Amino acid sequence: MEKKKVIYSAMQPSGVPTLGNYLGALRNWTNLQEEYNCVFGVANMHAITVRQDPQDLRKRTKDIMALFLALGLDPEKNIIYVQSDVKAHAEIAWILNCFTYMGELNRMTQFKDKSQKHSDNINAGLYTYPVLMAGDILLYQSDLVPVGADQKQHLEICRDIAGRFNGVYGDVFKIPEPYIPKVGARIMGLQNPEKKMSKSESENQNNIIYIFEEPNVIRNKIKRAVTDSGSEVYYSEDKPGISNLLNIYSSVTGKSIEEAVKEFSGVGYGEFKLAVADAVVDTLAPIQQRYKEYSSDKAYIEKVMKEGAEKASYIAEKTLNKVKKKIGYPIYK
Ligand code: AQP
């Protein structure tokens, strides 16, 4: 039988997951587990590149674990783990730092964006974030990594680092390929549809829909979403607000944009927004229900975390030991 390919995905506990995280990433993950050997991580080491409240960070890490389970990710079929529980991540990151050029890191647009956003804390971790991420992917000998537009550059640098290492020491790392999901949408802010919806944004709560949000809050936020001065519902670059709502509607209902536009022809913005809100609420309701059940079972979440860490460490250590041997660290019998 052909061996299943390995696919690596992770989510940072840098805030409460949003509808953007769900429609752009999480929703696809549940389909992947049938076809691939999946490794799903909670990337809490990445999250500390931005200052985090310790209690919040610990809680959000568990919350994301509970969310993974609520989405139907199966800890028996996949590896579901917390990044900081696997020591190999920190070790490989240092080694890979020594195989990464500053010129490469200087080109990373996420570093530029995040250092503008957090100008009081431009730390070295923020700068070497792509190296830590390269380690995540390479430790598990991943074949594929789902990437949105904003992570493309990071996968490219990962491939370059792996290729450089292999060039010196032979085939140690699998060179990962990007995985472009069949359905994937980039969800923009409701108040600022020029910029993507992000879980770490805290200034304007009306800009974001959180996965765990109450139906009436979701409805109100969608009702208040910015539109434009026109009155027709159609998809266009000069209608970013309406286009974003159409994208959301199409993603949650599975209807195409054309079908949605047809459905709302002659309908005012108000009525259109109500329909979008209903569709979002209906999509999130079963996840919220399951999330409530899982998150109240703290013992089970911890068990999944511990077992996930063991399974992940086993594979990660194997790769790390190979790397250590190649670069000339001591070997003990
Ligand atoms: N608005 C979005 N639309 C579609 N997909 C999105 N993703 C994030 N925002 C949107 C996808 O979610 C996954 C989570 O990645 P992450 O947690 O590593 O961080 P991120 O991409 O930086 O996501 P956020 O929510 O914007 O986090 P912060 O605020 O911490 O930077 C990725 O697959 C991403 O493409």
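How many aromatic pairs does the count come to? The count comes to 15 aromatic pairs. Rings of Phe, Tyr and Trp (its six-membered ring) pair if their centres lie within 6.5 Å. Planes under 30 degrees apart count as stacked, over 60 as edge-to-face and the rest as tilted.

Before you click, note that this is a predicted model: local features need pLDDT of at least 70, side-chain atom pairs count only at pLDDT 80 or more, and totals for chains, interfaces and linings use all residues. Residues are numbered from 1 along each chain as its sequence is written, and side-chain values use heavy atoms, with hydrogens and water left out.

**Stop 1: a ring pair**

Select Tyr36 and Tyr179. Their ring centres are 5.9 Å apart and their planes stand at 80 degrees, so the pair is edge-to-face. Tyr36 sits in the loop between helix 1 and strand 2, and Tyr179 in strand 5 (residues 177-179). Helices (H or I, at least four residues) and strands (E, at least two) are DSSP runs, numbered from the N terminus.

**Stop 2: the ligand**

Now select the ligand. It has 17 residues around it, and the closest are Ser14, Ile187, Ser198, Lys199 and Ser200. A residue is near a molecule if one of its heavy atoms lies within 4 Å of it. Helix 1 (residues 19-35) gives the largest share of this shell, 4 residues. By class, the shell has 5 nonpolar, 7 polar and 5 charged residues. Ala, Val, Leu, Ile, Met, Phe, Trp, Tyr, Cys and Pro count as nonpolar, Asp, Glu, Lys and Arg as charged, and the others, Gly among them, as polar.

Zoom in on the atoms. A polar side-chain atom of Ser14 is 2.5 Å from a ligand oxygen atom. In Ser198, a side-chain N or O atom lies 2.5 Å from an oxygen atom of the ligand. For Met197, look at the backbone: an N or O atom there is 3.0 Å from a ligand nitrogen atom. The protein covers 91% of the 640 Å² of accessible area that the ligand has on its own (Shrake-Rupley method, 1.4 Å probe).

**Stop 3: the second largest pocket**

Select Lys3, Val6, Asn37, Tyr140 and Ile315. Of the 16 residues lining the second largest pocket, these lie nearest its centre. A pocket is an open set of points on a 1 Å grid over the protein atoms alone, with protein on both sides within 12 Å along at least five of seven lines; a cavity is a set where a 1.4 Å probe fits but cannot get out; lining residues have an atom within 4 Å of a point. The space in this pocket is about 330 Å³, where a volume is the space filled by probe spheres set on points joined across faces, edges and corners. Strand 2 supplies the largest share of the lining, 3 residues. The lining divides into 6 nonpolar, 3 polar and 7 charged residues.

**Stop 4: a cavity**

Select Met108, Gln110, Phe111, Lys114, Leu126, Tyr129, Pro130 and His154. They line the largest cavity. Its volume is about 40 Å³.

**Last stop: Gln141**

Select Gln141, in the loop between helix 7 (124-139) and strand 4 (144-146). Its phi is near 50 degrees, a positive value in a residue other than glycine. Most residues other than glycine have a negative phi.

Terms used:
A polar contact is a pair of N or O atoms within 3.5 Å; within protein, one must be able to donate a hydrogen and the other to accept it, and residues adjacent in sequence count only if both atoms are side-chain atoms.
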